[in-house]
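Colleague: Please take me closely through one part of this model, the pairing and packing of its secondary structure.

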Amino acid sequence: MSKYGVMVMGPAGAGKSTFCASLITHLQLNRRSAFYVNLDPAAESFEHTPDLDIKDLISLEDVMDEMKLGPNGGLIYCFEFLMENLDFLTEALDSLTEEYLIIFDMPGQIELYTHIPILPTLVKFLTTPGALDIRLCAAYLLEATFVVDRAKYFAGSLSAMSAMIMLEVPHINILSKMDLVKNQVRKKDLKKFITPDTSLLLDDPADLARRKAGEDISDDQYADPQDKNAMLSGATFKRLNTAVAQLLETFSMVSYLKLDSTDEDSVGAILSYIDDCIQYHEAQEPRELKDEEFDEAEE
Ligand SMILES: Nc1nc2c(ncn2[C@@H]2O[C@H](COP(=O)(O)OP(=O)(O)OP(=O)(O)O)[C@@H](O)[C@H]2O)c(=O)[nH]1
Ligand SMILES: [Mg+2]
């Protein structure tokens with residue numbers, strides 16, 4: 001029997017836990033079952049109490065104290081420990097039926113999504129047929145506020161693409177906190193953010209601000225070529241950004257869905273994409289309405 005899940009990923013503060021909470025509320029309102037798994041060993045407060053919490057296996061605070069590690073090293077240690085204790089996941093998830101949407105709330109350390117092979121191994125474990133056999137969709141969140149700094153937006157999109165290539169599961173990218181940029185970006189421009197467009201770099205407000213402040217230095221203004229290597233700014237920075245933007249455009253693998261976690265319809269729309277990705281509805285048995293649901297449907 002297949003299980004269904006979504007792994008909510010993305011950089012620190014992108015709105016992952018808020019989205020998980022809104023998603024659970026939305027599922028509950030629609031009489032669907034959610035199973036909330038917190039895999040962030042540093043997370044402290046939750047809107048919905050996790051059904052399974054990595055902190056019951058290992059806490060980042062203890063690891064940092066005992067192993068004398070910083071927060072990032074500590075997080076990697078916690079994940080390595082989880083990989084050695086996968087029973088922790090199997091025991092909790094094995095008995096879940098296909099009715100459930102299992103929601104994994106991930107930490108925000110970006111190295112987890114880019115160059116450390118722990119996550120691909122974890123995803124393989126969760127999805128292997130015959131074992132947990134979870135049909136998993138990755139949801140990668142990037143803050144919409146990045147649209148005011150185009151370089152950050154393209155760098156974020158590159159990390160989204162890296163996660164997508166590394167994990168090899170159905171993947172959706174999400175621009176979160178759309179409510180914060182609604183009045184800042186014209187609709188026409190927003191389209192260019194939904195599918196990364198190189199022309200965004202031509203009228204980058206952050207770049208204009210830099211130029212105004214006199215920080216824009218062209219390549220030939222560097223007196224010392226060694227300085228030029230050390231200070232990636234001015235024309236070199238622009239060329240790098242253009243190259244990254246062109247790379248994204250060429251592969252055309254990244255495009256975004258818009259999310260405002262405070263808006264129920266927006267959360268519902270994202271859930272439909274997730275359901276499609278994992279073909280959730282195809283597996284559901286038609287179920288009989290309970291008496292009170294029947295009464296409501298009659299009204
Ligand atoms: N305006 C607005 N704020 C949001 C939205 N989603 C999240 N936030 C805020 O963004 C901040 C970070 O949100 P979290 O959900 O904790 O982000 P996270 O990605 O889980 O953060 P880490 O787990 O620390 O990586 C909080 O102050 C949220 O209230 C949104 O859709 N709109
Ligand atoms: Mg979080």
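Modeller: Strand 1 (residues 3-9) and strand 5 (residues 134-143) run parallel and are joined by seven bridges; helices (H or I, at least four residues) and strands (E, at least two) are DSSP runs, numbered from the N terminus. Lys3, for instance, has Ile134 of strand 5 as its bridge partner. This is a predicted model, in which local features need pLDDT of at least 70 and side-chain atom pairs count only at pLDDT 80 or more, while totals for chains, interfaces and linings use all residues. Residues are numbered from 1 along each chain as its sequence is written, with chains lettered from A and ligands numbered from 1 in the order in which they are written.

Axes here are lines fitted to C-alpha atoms, for helices over the stretch in contact, with angles from 0 to 180 degrees between N-to-C directions; residues are in contact if their C-beta atoms, placed from the backbone, lie within 7 Å.

Now for the helix pairs. Helix 2 (residues 60-67) packs on helix 3 at about 110°, with the axes 9 Å apart, and the two are therefore roughly perpendicular (65 to 115 degrees; under 35 is roughly parallel, over 145 roughly antiparallel and the rest oblique). Their contact is built from Leu60, Val63, Met64 and Met67 of helix 2 with Pro71, Gly74, Leu75, Tyr77 and Cys78 of helix 3. By class, that contact has eight nonpolar residues, one polar and no charged (Ala, Val, Leu, Ile, Met, Phe, Trp, Tyr, Cys and Pro count as nonpolar, Asp, Glu, Lys and Arg as charged, and the others, Gly among them, as polar).

Helix 3 (residues 71-84) also meets helix 6 (residues 118-127): their axes come within 11 Å and cross at roughly 30°, so this pair is roughly parallel. Phe79, Glu80 and Met83 of helix 3 make the contact with Ile118, Thr121 and Leu122 of helix 6. Four of these residues are nonpolar, one is polar and one charged.

Terms used:
Two residues are in contact if their C-beta atoms, placed from the backbone, lie within 7 Å. Two strands pair if DSSP finds at least two bridges between them.
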